[in-house]
Every structure is written in structure tokens, then in C-alpha cells.
Amino acid sequence: MPSPAILHDEYALRGRIDESAPVTSTSSVLIDAPAARVWDVLADLRGWETWAPGFRLRALEAVEPGREFRWAQNGTPLRSRFAVVDPGRELSWTGAFLALYRAVDRMTLAPQEGRTRVTLQESLDGPLVRILFGERQLRAAHQIRLAALKSHIETR
């Protein structure tokens, strides 16, 4: 399992997840809004609590590369560090929980005829991770988050 520094520097900063991790997922959704509008929602982590199920922000100074933030997903405390913050294009970070599990999360935006395709990718590694939180669960969680993002943006 790569160290947090390797995951951050060699994966997230280079626009990729760890494809060799035991659990990976990629999901996408097409949102009827321009990329700038989608970006405004994604880059506002404080606002995620209004639309992202189970998301609770615990500490955030700034959404900038290298900055750390703490959050919880469905009660699980997470500590993350932004890797790529490219307005209108990509928001990615690396994270860890329980000092045993490590993840790379990437959200990319691609304009598509006035709409925006948001793709969410994640790699997850750690002891027994396939048993505790497998690909099916990760994909389902991503699809719920993407559906909530789409609904939030399209109904505003």
C-alpha cells in the first residue's frame, strides 16, 4: 500500500487514482449546467452539507492545493489534503481514516454542449477493505452523491 505522500504526489497530483488499489470506482453524471456553475458548488465545501448525504465538514481553511481539511462521511472521521484545485476542471484530494485506510478522490468536469459531465473516481486501500467497504458500496455511495449534486444544481 503506497504511503500517503506517494498517493498525494505520484497519483493525485498527476491526475490519477491508484488503479492497483483493492477497491476502485468510477461514476459520472451529466448535469444541465455550465462547468463554472458546477464548479462553484463543488469548490464550496462548506455548502456540501446542504446537498451531499452524510457529509459533515469539521475543519477547512481554504480550498487550495496542499491544504488540509477534516470531514466526516456517515459519521466516519476523515482527514484529507487537496491535491488538484483547477477551477472548472478538477478537484482532487488524498485522505485517510483510522490511520489504516487511504484514498485518492478525483472529481473532473468536462463541458458537453452547454452541460457538464462530472466524473467521480476513487481508489481505496487498507486492511480487509474489500470486505468492509467493497466496490459495490463505493460505487453506490458515489452514485448517490452525484445524483444529489445534479438535483441540487438543476433545481436551484
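The model is a predicted one.

In soluble globular proteins, nonpolar side chains tend to be buried together. Here the largest nonpolar core holds 30 residues, and Leu 45 and Trp 48 have the most contacts inside it. Which helix gives the most to this core? Helix α2, residues 35–42, does, with five residues. There is also a second, separate core of seven residues, and Leu 7, Ile 17, Val 84 and Val 104 are among them.

Now look at Trp 48. Leaving out residues up to four places away in sequence, Trp 48 touches Val 41, Leu 42, Phe 55, Trp 93, Met 107 and Arg 145.

That list takes us to Trp 93, which lies in strand β5. Is Trp 93 buried or exposed? Its relative accessible area is 2%, and the cut-off for buried is under 20%, so Trp 93 counts as buried. With the residues up to four places away in sequence again left out, the contacts of Trp 93 include Trp 48, Phe 69, Trp 71, Phe 82 and Val 104. Trp 93 and Val 104 are eleven residues apart in sequence, yet their C-alpha atoms are 6.0 Å apart in space.

Next, the aromatic rings. A pair of aromatic rings is described by the distance of the centres and the angle of the planes. The count for this model is ten aromatic pairs. One of them is Phe 69 with Trp 71: the centres are 6.3 Å apart, the planes are at 20 degrees, and the pair is stacked. Phe 69 and Trp 71 are both buried. Ring pairs also link these two with Trp 48, Trp 51, Phe 55, Phe 82 and Trp 93 into a cluster.

Rolling a probe the size of a water molecule over the atoms shows where empty space is left. The largest pocket in this model has a volume of about 590 Å³. It is lined by 26 residues, of which Gln 73, Leu 78, Glu 122, Phe 133 and Leu 138 are the closest to its centre. What kinds of residue make up the lining of the largest pocket? They divide into 15 nonpolar, seven polar and four charged. Strands β3, β4, β5, β6 and β7 each supply at least two residues of this lining, and so do helices α3 and α4.

Helix α4 also holds His 142. His 142 has a relative accessibility of 3%, so it counts as buried. Not counting residues up to four places away in sequence, His 142 touches Ser 25, Ser 27, Leu 120, Gln 121 and Glu 122.

Last, two residues with a backbone angle to note. Most residues other than glycine have a negative phi, and most peptide bonds are trans. Asn 74 has a positive phi, near 55 degrees, and is not a glycine. Where is Asn 74 found? In the loop between β3 and β4. Leu 128 is not a glycine either, and its phi is positive at about 55 degrees. Leu 128 has its place in the loop between β7 and α3. Are these two buried or exposed? The cut-off for exposed is over 50%. Asn 74, with a relative accessible area of 62%, is therefore exposed, and Leu 128, at 60% relative accessibility, counts as exposed too.

Conventions
Residues are numbered from 1 along each chain as its sequence is written. This is a predicted model: local features need pLDDT of at least 70, side-chain atom pairs count only at pLDDT 80 or more; totals for chains, interfaces and linings use all residues. Side-chain values use heavy atoms; hydrogens and water are left out. A nonpolar core is a set of buried Ala, Val, Leu, Ile, Met, Phe, Trp, Tyr and Cys residues joined through side-chain atoms within 4.5 Å. Buried means under 20% relative accessible area, exposed over 50%, partly exposed in between (1.4 Å probe, protein chains only). Helices (H or I, at least four residues) and strands (E, at least two) are DSSP runs, numbered from the N terminus. Contact means heavy atoms within 4.5 Å. On a 1 Å grid over the protein atoms alone, a cavity is a set of points where a 1.4 Å probe fits but cannot get out, and a pocket is an open set with protein on both sides within 12 Å along at least five of seven lines; lining residues have an atom within 4 Å of a point. Grid points are joined across faces, edges and corners, and a volume is the space filled by probe spheres set on the points. Ala, Val, Leu, Ile, Met, Phe, Trp, Tyr, Cys and Pro count as nonpolar, Asp, Glu, Lys and Arg as charged, and the others, Gly among them, as polar. Rings of Phe, Tyr and Trp (its six-membered ring) pair if their centres lie within 6.5 Å; planes under 30 degrees apart count as stacked, over 60 as edge-to-face and the rest as tilted.
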